[in-house]
Amino acid sequence: MATLKAVRGTRDLLPPETALWNRIEATARAVFARYNFGEIRTPVFEDTSLFSRSVGEETDIVSKEMYTWEDRARAQSEKPQSLTLRPENTAGVVRAYIEHKLGETGQLQKLYYIGPQFRRERPQKGRYRQFSQIGAEVIGPPHAGSESPLRDAEILEMLATLLDELGITGWTLELNSVGSAADRARYNETLRQALIPLAPKMCEDCQRRAVTNPLRVLDCKVPEDQPIIETLPKIVDSLDDESKSHFAAVTVALDASGVPYTRNHRLVRGLDYYTRTTFEFTHGGLGAQNALLGGGRYDGLSEAIGGPKAPGIGFAMGEDRLVLTLQALEAAKPEKADAYIAPLGETVNAAALALARELRRSGLTIELGDGSFRLKKSFDAADRTARRIIIMGEDEVASGILTVKDFSTGIQTKVPRAELAGVLKAPSDQ
Ligand code: HAM
């Protein structure tokens, strides 16, 4: 029988890597709490039309990457319902905002989420079919201040803080404005005209996009097309005065808080709901899939899916990519246990378990060996998993004095049992 494996584009996460995932999530939760965000958990699948009406019919995500199925009807008279595993979480959050009438509170809703998303993309380093996002959204009625450029700047400043606290150095914030829906429509038309003579010289995808959705031409990565794309009109020249002053206010606030950014005129993002500010944080260490996170403003999204006017802004970080970046930065050395207890002989096993219990209850991480091991085997196991070894034979049990060897210094000491927890809590070099 063929052995079963995890499906292409999906992965098992195992220790010690899962410790890094947990650390990233704990750091994100702690930073979000300081900015007064609360957690939202939406279902992993939704009605398919939620994504086609928000992310957009013409986008790659909706047109080719969604896991969609017809869910069996509950009654004979009912039609089956088309359901989709969420490819992203903003649409679900805005649906929940509308469904639970959160706008009626009159307050800004500041919501974060952590969880799996699903896209049928070609798997490669940093790109999976099941991946995890850590994201946040700020959404509310205009009178609650949801349209303020200060919200955009605050989100970006929070992201800079979060990346710093995660230990991710060397990121670049790329910033752009795609303007209002009317600005985008105007720019799309300008691009369509400009592309008529140029598209035949471009790749097949661009030739199709030049007709269906010219904005997407700006996402093209084919090297031969780049010089042509650089000559195309820029969206900044199609922005109305309000979008221009909104963008200017975002950059003034970013400058004041010392968050560095670069303007990327081509950053239009692969989802249709964006208005005004769009951004990505990229990292050189990631290779082709270099976006650590992406986001932007979506002032018309709630109305597009049948809700009240509720401007918003948010982002999602690719958690898989945060992990890859931290591993590459070597900021992610697996943590070793504080000590390994090596009982010398099976008669000491019970006493060793009692000591392990005492030390673990004092907050230490302890590995417990086995008295049937020879001393050499205990030392090898201890060296792999812990920073120190505690040797516990019959004599040590009787005298209450234990032998502790610190692997980083090579020094061996005798420690009275009552002082052991204190000694083990002192930092060691490894
Ligand atoms: P997105 O740019 O499609 O935006 O995805 C955000 C991040 O998710 C990407 O920058 C990347 O790090 C990660 N990501 C996307 N696809 C994959 C994949 N196949 N494998 C691994 N990581 C991936 C959104 O999803 C928007 N909902 C962000 C947002 C929130 N905009 C406003 N609010």
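Trainee: How many cavities of 30 Å³ or more does the count come to?

Mentor: This is a predicted model, in which local features need pLDDT of at least 70, side-chain atom pairs count only at pLDDT 80 or more, and totals for chains, interfaces and linings use all residues. Residues are numbered from 1 along each chain as its sequence is written, and side-chain values use heavy atoms, with hydrogens and water left out. The count comes to 2 cavities of 30 Å³ or more. A cavity is a set of points, on a 1 Å grid over the protein atoms alone, where a 1.4 Å probe fits but cannot get out; lining residues have an atom within 4 Å of a point. Grid points are joined across faces, edges and corners, and a volume is the space filled by probe spheres set on the points.

The largest cavity holds about 50 Å³ of space. Its lining consists of Glu58, Asp60, Arg208, Arg209, Thr212, Asn213 and Arg216. Helix α7 (residues 204–212) supplies the largest share of that lining, 3 residues; helices here are DSSP runs of H or I, at least four residues, numbered from the N terminus. Asp, Glu, Lys and Arg count as charged, Ala, Val, Leu, Ile, Met, Phe, Trp, Tyr, Cys and Pro as nonpolar, and the others, Gly among them, as polar.

In the second largest cavity there is about 30 Å³ of space. Tyr35, Phe37, Lys110, Val138, Glu154, Ile155 and Met158 line the second largest cavity, and helix α5 (residues 149–166) gives the most to this lining, with 3 residues. This lining has 5 nonpolar, no polar and 2 charged residues.

How values were computed: On a 1 Å grid over the protein atoms alone, a cavity is a set of points where a 1.4 Å probe fits but cannot get out, and a pocket is an open set with protein on both sides within 12 Å along at least five of seven lines; lining residues have an atom within 4 Å of a point. Helices (H or I, at least four residues) and strands (E, at least two) are DSSP runs, numbered from the N terminus.
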